[in-house]
Amino acid sequence: MKKNIEKIFRHAEGMACEVIFFRAKNALTRIGDNEISQNVFSDNEYADVRVQKDGKNFKFSLNKFDDESLKNAFNNAFISLKYMKKEKDFLPLIKTSVRINSQRLHDAETAGLSADFRAQKAKKLTAYCAKKGLTAYGIISNGSSEVIIANTSGVYQRALETALEYEVTVKCGSGYGAAAGYSNNMDLDFDAINATAIKKAEMSKNPIEIKPGKYTVVLEPQPANELLSFMGYYGFAGQAYVEKRSFVSENLGKKMFPDFINVTDNALDGAAASMPFDFEGWPKEKVELIANGVVKNIVTDRNVAKKTGFRYTGHSLPQPNSYGPMPMNIEMKPGGTSLEKMVKNCEYGLLITQFHYTNCLKPKTIEMTGMTRNGTFLIKDGKISKAVKNLRFTHSAIDAFKNIEAVGDKAEVFGGYFGKSACPALVVKDFNFSSGTQF
Amino acid sequence: MFDLARKAIEVLEFNKAEFGDIRIIDERSQFLSVKNSNIGDMADDISMGFGIRVLYRGGWGFASGKTLNAACVKETALKALEIAKASASVKKTKTKLAYEPAHKDYWQTPYLKDPFEIALEKKLEMLFAIDKILTADKRIKNAYSRLKFIKTHKWYASTEGSEIEQVLLYSGGFYRAVSADNNQVQQRSFPGEHSGALGMGWEVIEDLKMVENAQRIREEAVALLSAPQCPSGEMDLILMGDQLALQIHESVGHATELDRVLGYEESYAGSSFATTEKLGRFKYGSEIVNIVGDGTLPGGLATQGYDDDGVRSKRWHVIKNGILNGYATNREFCGRIGQTESMSCNRADSFSSIPITRIPNLSLMPGNHEYLEMVEGVKNGIILDSNKSWSIDQKRLNFQFGCESGRLVKNGKIAGLVKNPVYQGITPKFWNSCDAIANHRHWKLYGVSNCGKGQPTQISRMCHASSPARFRKVRICM
C-alpha cells in the first residue's frame, strides 16, 4: 500500500493531497434452513483521494493504481477544481507529528480462518437442530481490515483489525430465539451462543398476547445498545449540536440522568475500541459524553471545534462530508447488577432479547420505534413466566435513559453504521409499547 | 473482457462444477452535495473488479477480486470452488437451478443526455442555487442538496454459454431543508426522502425542476415549526408519492421476496407472513389492488436486460385483483413453488457481492378515480406523501411509518397542515382497506435507492410507480 500511496502523491503534482486507503478481506458463511445457503469471500482495496487547491476540495476514489488510471483520475480532478468556488469553511490538510501504527486488535489466526472452519461450526449447529426438530439460521464471518491515512503534510497513520462474528437464530415451532457474539480474535464461545439461542427458541413457543402499554423492561444488551446508539448518533454528534437538532444543544452541563449513567466514546482502549485516529489522521481522544448522569461533551471535528470553541476531539469522518463528527466507539460503563438479578428483582415486566428495525420519529427527543424479536418474555414476581407475542415500542431514548433503574455487570460489543459500541443490559421503567403483532 | 471471463469458465468446467458464472464490472459514480453553503461531498469514483459464483455438488461458493488478469481470475475461480466444496458438506438438498437458455446479447439503459458529460460547473451552480433559496430563512438550520450519477458496465458469462454485456445508468437529485427550534426538529424533502432518482440520464434532473420548488420546500419546513400536531385516531388516509412507494416497498416488496418467504433471510431482516400455501388464494388487498413486478419498466431503477443469473427481464403480477399471485424469484428458488422459470430478480450491488433475490420495480397499477374525487370522498382524513421514518416487524405485518407533514381533510376539503404524522397498520388489513386508486394521469415513478438486505449487507435500487390511493379507517397516532 505504501508504494501506491507514494504513486498517488506523485500524480498530485505538488497539490495538497490526502489518501485514505482501505483494504479488507472478508469471508462469510450463511446458514439457512439447517444448511449452508451462501458462502462468500471478498478481497478488495480502494483509495479515497482528496486534493486541495485555492481553498477547494475535490475527491475521488479508485481501486486501480496503474499510472494511466491515476493520470485520468487526477486530470479529472484538476479540471473539476477549476469550476469550483472557494469554500466558506475551508481547512487545509491536517498536520501532526504523532505516528500511530495500531495492530493490537489484529489476530492472524482470526484473519486466516478457512471455509472448512466455518463449515464445521455450521455443521455442529445444524446437525443438532435437525436432530431436535429445530431450524437454524445465522452467519459465521471472519475478516481483516487495514486503514491507512496519509497526506502530503506528513501524516501517516495505520490501523489493522480483525473481526469474528457469530449470529444464530433458531426456530422451534412458533418460537424463535437468537444469540450472537463479536470478537477481534478467537475468543468466542460458539457453543454458549448456540445453547442460548436454542433455549430461547424453546421457551418462546406458543406465545400469549398481552396488551400494549407501559411496562418495566429488562433489556438484554442488544436492545439496550439500540437505545445507546441512537443517543450517540442523534444526541452527541457535533454537527447536530451546532444546528440545534440535538437535545444536547440546550442541555450541555445539565444533570439529566441517574448518577450511575456513564457513557464514553473510547476508541483507544475501551470495550468498543477500534481505529485510534479519525479520518483526517488526528489521534482520537476519549470523550465523556455522560458522566454521573451529567451531559458532558459532544464529539468534534475541526469545523465543529472552530464553530463552538470546544476542543477538537478527533472524530472527523472523511472530509468533506455532510454528517459532521460522529461518536463511533460508544460504551456505557457496566454497573453491578447481573441479568439474572435484574429478572429476580422485577415484580412485573418484560424481558426483551432483541429490538428489530428501529428508527427515529423525532430527532430532538430521540423518539424511536421498533419491534421486539427472538425472545420476549413476561416476568412475574422475579421469574420468567410466559413467552409473549412481539410488540412495537414507541418511546423516547432520552426518557428511557432518565428511567434507567439498573445497569448490567457485563457489556457486549456490537457493530453499527458508524463504528462499534459496547452496552450492558438495562432495566427501564415505564417503557411504552404502542401496538402488537400476530406472532 | 469476455476473453478474460472465459478463463474463469474454463477453470470451473475443468473442475466439473455444475454451474458457474462471472460478472466483471466497471463502475463510475459521481456524488456532489452542498450543505449549508459549503461543499458537503465532492467525489468522482471508479471501481473495477469481478465476482465468480460456483455451484459444486449442490453447494454455493463465491469469491471476488479486483486484479483483471488471467492468473488472478483463475486463482479466484479456484477460491470460489474451495468455498463451494465446504458448502456442499453442509447441505440437506442439492441446489438446482431452473432452466434458462444461453443468451448472447447487449443491453443498455436508454437515455437522452449522458450525465457524465454535463459540466461539473453546471451541477454545482444548481446545487448552490438551491442552497441559496433554502438558507434564506435563518430558521433553516440544515440545508442539504445532492446529485448522484452512476454508470455500470457489466460483462456476464456462464458455464451454460451466456455472454451478456450491459450498460446501466442512474441519475438522481434530492434536497432537504431542516428547521429547528428549542423543542423540535422538522424537515421537508424534495422530491421525497427516497425519491428523485431513475434509470435514465441528465433528463431526470431537468424534469425534477429542483430549483423551482426550493422556496416552497423551505416555507413548508418553517411552517411545520408552528403547525399543529397531527391528531390521533382512526381516519381515512390518502397516500401518494414517496410515502406510497415506501408502503409498497416494505409491506409488499419485501414480503414477497421468495428467499425471504422460504426463511433464508431469517437471521437478519426476518421472513414473511406471505407463505407459499397462500399463493393464488390469499386476499392480500382489496379487489382494486394490482401490484406488478417489472424488470422492463422504462426508467426503472431495477430495469435491465438481464439479471445477475443471466435471466431475461420479465413482467408479472405479484398481487392480482387483490390476491397473492406471485413472488420475486431467482433460478435457485423458483422451483420451490413449482415454477419452471425465474422472474429475473437476482441482483448484486457490486462485483464483490453475491447476487441475491431483490425486489424488482414493483408498482401499484392505476385505478379509475379522479384524485379530487377521492379527496371529496373523505369526511375525516389526512393526505400523506413524504416519508420520514419507517419500521416494520420481521414478518412484514405490523408497520409504522412517519411522514414529514400531513394535510388534513375535513368533509371533502383540504383543511390544513399538521406535523409529525405517523400511521400504523397490519399489512393485509391495510391493503384490504384500499377503496380507491387514482387513474393513469397521476401515475408516476418513484425510486428507492437505499434498500438494504442480506449478509453481508447489500444496497439495491428499484422503482415503485403509483397513483394516489385511498385507505379507509387507518390508525393515525401522534
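**Notes on the two-chain model**

1. Let me start with chain B: its domain assignment gives domain 1 (2-226) and domain 2 (233-477), with bounds that come from an automatic or database domain assignment. Before going on, please keep in mind that this is a predicted model, where local features need pLDDT of at least 70, side-chain atom pairs count only at pLDDT 80 or more, and totals for chains, interfaces and linings use all residues. Residues are numbered from 1 along each chain as its sequence is written, while chains are lettered from A and ligands numbered from 1 in the order in which they are written.

2. The C-alpha centres of domain 1 and domain 2 of chain B are 21 Å apart. Their contact involves 43 residues of domain 1 of chain B and 44 residues of domain 2 of chain B, counting two residues as in contact if their C-beta atoms, placed from the backbone, lie within 7 Å. On the domain 1 side, strand β6 (residues 163-180) of chain B gives the largest share, five residues. That side of domain 1 divides into 17 nonpolar, 17 polar and nine charged residues. Here Ala, Val, Leu, Ile, Met, Phe, Trp, Tyr, Cys and Pro count as nonpolar, Asp, Glu, Lys and Arg as charged, and the others, Gly among them, as polar.

3. Also in chain B, helix α3 (residues 120-134) and helix α5 (residues 210-226) pack at about 20° with their axes 8 Å apart. This makes α3(B) roughly parallel to α5(B) (angles under 35 degrees count as roughly parallel, over 145 as roughly antiparallel, 65 to 115 as roughly perpendicular and the rest as oblique). Axes are lines fitted to C-alpha atoms, for helices over the stretch in contact, and angles run from 0 to 180 degrees between N-to-C directions. Helices (H or I, at least four residues) and strands (E, at least two) are DSSP runs, numbered from the N terminus.

4. Who touches whom there? From α3(B), the contact uses B:M126, B:A129, B:I130, B:I133 and B:L134, and from α5(B), B:M210, B:V211, B:A214, B:Q215 and B:R218. By class, this contact has eight nonpolar, one polar and one charged residues.

5. Between the chains, 71 residues of chain A are in contact with 68 residues of chain B. Strand β2 (residues 35-53) of chain A supplies the largest share of the chain A side, eleven residues. β2(A) runs parallel to strand β3 (residues 59-65) of chain B, joined by two bridges; two strands pair if DSSP finds at least two bridges between them. A:F41 has B:A63 as its bridge partner in β3(B).
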